[in-house]
Amino acid sequence: MEFGTRIFIAFLVSQVVCTGAQEEEEKAECVPGFQEKVYQVEYSGGFLKDVPLLQVVFDDCAGNEDAEFEVSNPDFLIDKNLNLVPRRDVIDSGDVMFVHGVNVHVDDMAQVTIMGAPSRSPQTLREILGLSDMMPHRSKRALLVPPMFVPENQRAPFPRLIGKVISSDMKEDHIFCLMGRGADQDPKGVFSINRLTGDVAVSRALDREAIAYYHLQVSTTDLSGRLVEGPVDLDVSVIDQNDNRPVFKEPRYSGEVLEGSPTGTTVMTMTAYDADDPNTDNAVLRYIIVRQLPDKPSPNMFYIDPERGDIVTVIAPHQLDRETLPTTQYELEIVAKDMAGSEVGLTGTATATITITDRNDHAPEFTHSLNISMFYSDMRFQASVNEGSTGVVVNLTVDDRDDPATGAWRAIYSIINGDPNQNFEIQTNLDNNEGMLSVVKPLDYESSMFHTLLIKVENEDPLVPDVVYGPSSTATVYITVMDVNEGPVFFPDPLVVIRRENIPVGSFVAMLNASDPDYLQTQSIRFTVLRDPADWLIVNPFKGNVTTRAILDRESPHVHNNQYTALFMATDNGSPPASGTGMLIITLEDENDNAPYVFPSVARVCEDAKDMNVVVIGGRDKDIHPNTDPFKIELGKQPGLEKTWKISRINDTHSQIMLLHSLKKANYNLPLVLTDSGVPPISNNTELKVQVCTCKKNRMDCSRAGSIQTNHLLLLGLVLLSILCL
């Protein structure tokens with residue numbers, strides 16, 4: 001069967017939904033056929049081979065077994081998943097095609113509209129369906145469907161007639177049918193058509209902002225439902241009414257403009273939106289400023305471009321002075337009106353807050369302070385400070401009309417003259433912008449009773465080009481130094497002298513020198529000992545000569561690195577008295593007054609040791625060179641020691657003790673004589689304790705009964721041993 005014939009038969013048996021005067025039939029639980037009759041595909045330059053365009057919804061209510069589909073355009077097919085798929089790359093698809101689905105249970109058809117596709121021939125339904133071949137002798141029929149227009153927000157009564165469809169060959173047994181969105185598709189029932197006259201009506205009020213355009217189709221059928229003419233597109237446009245006010249995105253906007261800005265400077269842009277048709281005056285907005293708060297110095301300091309919404313300055317630059325304006329913030333009430341600003345237009349309102357921001361157009365100026373003395377002929381500050389003290393002596397106040405807590409207001413102070421020795425420093429108090437002038441190096445009354453400083457103040461930010469720092473940005477500060485009774489000063493400090501230890505009590509050590517800085521006054525000085533760790537010294541209170549009251553000992557624990565340190569105080573007779581301290585350092589020269597001693601004092605050896613080396617001993621001396629090493633280490637004078645013991649010199653400080661034959665387990669006291677190299681030398685008779693122990697498996701047992709042998713028993717044993725060995 002030809003495709004055109006099958007389509008024609010399908011239309012005859014299909015149930016066409018006709019709105020308007022037709023009564024709505026009861027819907028069965030399952031209606032065999034295409035569940036959606038009309039589909040849409042967006043055309044975007046063509047369709048690619050094997051790329052699915054859409055999926056049709058088909059149900060024969062019996063499982064769709066053996067269902068077959070055919071597409072009016074041979075370049076497309078319906079695959080097993082019910083997808084509409086191009087057989088090849090397609091460019092000229094046309095703007096409509098039909099899909100025929102058939103099996104033993106159903107024979108139905110659906111329409112696919114290609115939205116935006118370029119037109120192609122054939123274009124008529126008759127040609128698309130191939131009816132010209134099937135019915136070559138039938139005369140051509142046509143439907144006249146004019147575009148229709150419906151104003152939104154219409155009031156009852158409904159339905160309202162909006163247009164008429166005319167058929168060139170309408171018979172008594174023919175009826176009009178309306179299909180599409182707004183008819184038999186959601187939102188259903190918006191439009192209806194009189195099946196006999198073709199009058200099209202709207203059933204309720206429309207909202208253009210919800211749906212602005214309806215695309216329907218009109219056809220005619222005979223009473224049996226056979227398609228006679230169409231379908232033909234019926235386009236209904238919703239005419240806009242001004243039912244939406246302009247709306248600003250935010251109720252309040254903020255902007256800034258720098259003081260002194262030129263007239264016409266753009267501050268900010270206000271933008272409102274209107275949901276009405278942008279192609280009508282209903283959405284054409286105009287902006288106006290209806291109120292400015294405050295309205296000083298002029299109620300029209302700003303202007304808004306009525307079309308673009310740009311807010312610009314109108315006030316002259318010299319009047320846009322942040323420091324002279326009554327406020328730094330202005331509020332503008334902005335109204336946006338549609339209908340291109342017509343009196344009948346709807347309005348929306350927003351508030352614009354404009355802040356006048358600061359620029360550094362005012363130099364800081366010194367001001368008078370009530371808590372310090374002033375000379376009003378020019379900016380002069382004066383203060384007094386005690387000599388020898390440090391700290392803040394005066395706070396310098398300035399006035400700056402720029403915005404506080406900004407770089408245009410914050411002050412930077414500098415001393416530009418009068419401080420060659422850098423005795424002074426000035427810092428900014430960040431809380432109040434005052435300059436805190438401080439003495440950082442103590443002043444001396446006797447050197448200079450007065451100091452005159454020239455202070456300059458500037459801002460962190462540079463001044464604008466037409467503003468300069470004037471005379472008021474500098475000030476003179478007079479500092480009076482107050483005399484204070486200063487304590488005597490030792491010279492030199494510390495005083496270093498060299499003395500030998502062990503000098504006689506009453507020996508002269510040093511002469512203290514101290515002078516009073518207050519040379520303009522006549523004062524006497526008295527010396528006292530402030531700290532003398534070993535209590536060796538005494539000072540004459542009037543003359544300052546220091547003598548010994550005890551023997552100086554270089555080896556004392558109070559002497560460090562051969563130096564002994566004492567502290568003295570000199571006090572004047574001023575009112576009140578003042579004192580100063582001085583240090584005396586005595587470098588002590590050594591005398592040979594300490595005998596050397598041996599270390600270690602105990603040695604251990606095994607009784608059957610094959611190695612007769614007992615121990616390496618060394619000498620030590622509290623004295624220093626040349627009164628110490630080289631040491632001479634010898635055996636004591638007892639006879640017979642040389643037959644058992646031997647001493648071999650290793651170096652200037654150490655010697656080796658050796659046994660000449662084995663000894664039995666016991667403790668032996670070996671007498672030794674140590675002599676240093678002083679002039680005259682000092683010798684020390686001492687003993688080395690030698691423990692002869694039992695050694696087994698690397699363990700040494702030195703315990704024994706009885707007390708340690710005395711030198712006499714050792715001597716007797718050695719003599720007997722020497723006799724037996726003869």
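Arg 649 forms a salt bridge with Asp 652, with the closest N and O atoms 2.6 Å apart. A salt bridge here is a side-chain nitrogen of Lys or Arg within 4 Å of a carboxyl oxygen of Asp or Glu. This is a predicted model: local features need pLDDT of at least 70, side-chain atom pairs count only at pLDDT 80 or more, and totals for chains, interfaces and linings use all residues. Residues are numbered from 1 along each chain as its sequence is written, and side-chain values use heavy atoms, with hydrogens and water left out.

## Salt bridges

Arg 649 counts as exposed because its relative accessibility is 53%. Asp 652 is partly exposed, at 36%. The cut-offs are under 20% relative accessible area for buried, over 50% for exposed, and partly exposed in between (1.4 Å probe, protein chains only).

The structure holds 22 salt bridges. Side chains of opposite charge can pair when their charged atoms come close. One of the bridges joins Arg 308 to Asp 310, with 3.1 Å between the closest N and O atoms. Arg 308 is exposed at 55% relative accessibility, whereas Asp 310 is buried at 16%.

Another salt bridge is formed by the side chains of Arg 500 and Glu 589, at 3.4 Å from N to O. This pair links distant parts of the chain: Arg 500 is in strand β39 (residues 495-500), Glu 589 is in strand β46 (residues 579-589), and 89 residues separate them. Helices (H or I, at least four residues) and strands (E, at least two) are DSSP runs, numbered from the N terminus. Arg 500 is partly exposed, with a relative accessible area of 37%. Glu 589 is also partly exposed, at 34%.

## Disulfides

How many disulfides does the structure have? The count comes to 3 disulfides, a disulfide being a pair of cysteine sulfur atoms within 2.5 Å.

| Disulfide | S to S distance |
|---|---|
| Cys 30 to Cys 61 | 1.7 Å |
| Cys 606 to Cys 695 | 1.8 Å |
| Cys 693 to Cys 702 | 1.8 Å |

The link of Cys 30 and Cys 61 is left-handed, with -90° about the S-S bond. Cys 30 lies in the loop between α1 (3-13) and β1 (33-34), and Cys 61 in the loop between β4 (58-59) and β5 (68-71), so the pair ties together parts that are 31 residues apart in sequence. Cys 30 is partly exposed at 33% relative accessibility. Cys 61 is partly exposed too, at 35%.

The disulfide of Cys 606 and Cys 695 is left-handed because the torsion about its S-S bond is about -90°. Cys 606 sits in strand β48 (residues 602-606) and Cys 695 in strand β54 (residues 683-696), so this pair ties together parts that are 89 residues apart in sequence.

The link of Cys 693 and Cys 702 is right-handed, with 100° about the S-S bond. Both Cys 693 and Cys 702 are buried.

## Sheets and hairpin

4 strands form an open sheet in the order β11-β18-β17-β14, with mixed pairing. Its edge strands are β11 (148-151) and β14 (174-180), and each pairs on one side only. Neighbouring strands of this sheet are turned by 30° against each other on average, direction ignored. Axes are lines fitted to C-alpha atoms, for helices over the stretch in contact, and angles run from 0 to 180 degrees between N-to-C directions. Two strands pair if DSSP finds at least two bridges between them. β11 and strand β18 (residues 227-239) pair in the parallel sense over 4 bridges. Met 148 stands opposite Val 236 in β18.

Strand β16 (residues 199-202) pairs with strand β12 (residues 160-164) in the antiparallel sense over 4 bridges. Strand β15 (residues 191-193) also pairs with β16 in the antiparallel sense, over 3 bridges. Val 202 in β16 stands opposite Arg 160 and opposite Phe 191. β15 and β16 form a hairpin with 5 residues between them, and Gly 198 in the turn has a positive phi of about 85°.

A further open sheet has 3 strands in the order β31-β35-β34, with antiparallel pairing. β31 (391-396) and β34 (424-428) are the edge strands. β34 and strand β35 (residues 435-439) pair over 5 bridges. Ile 426 has Leu 437 in β35 as its bridge partner.
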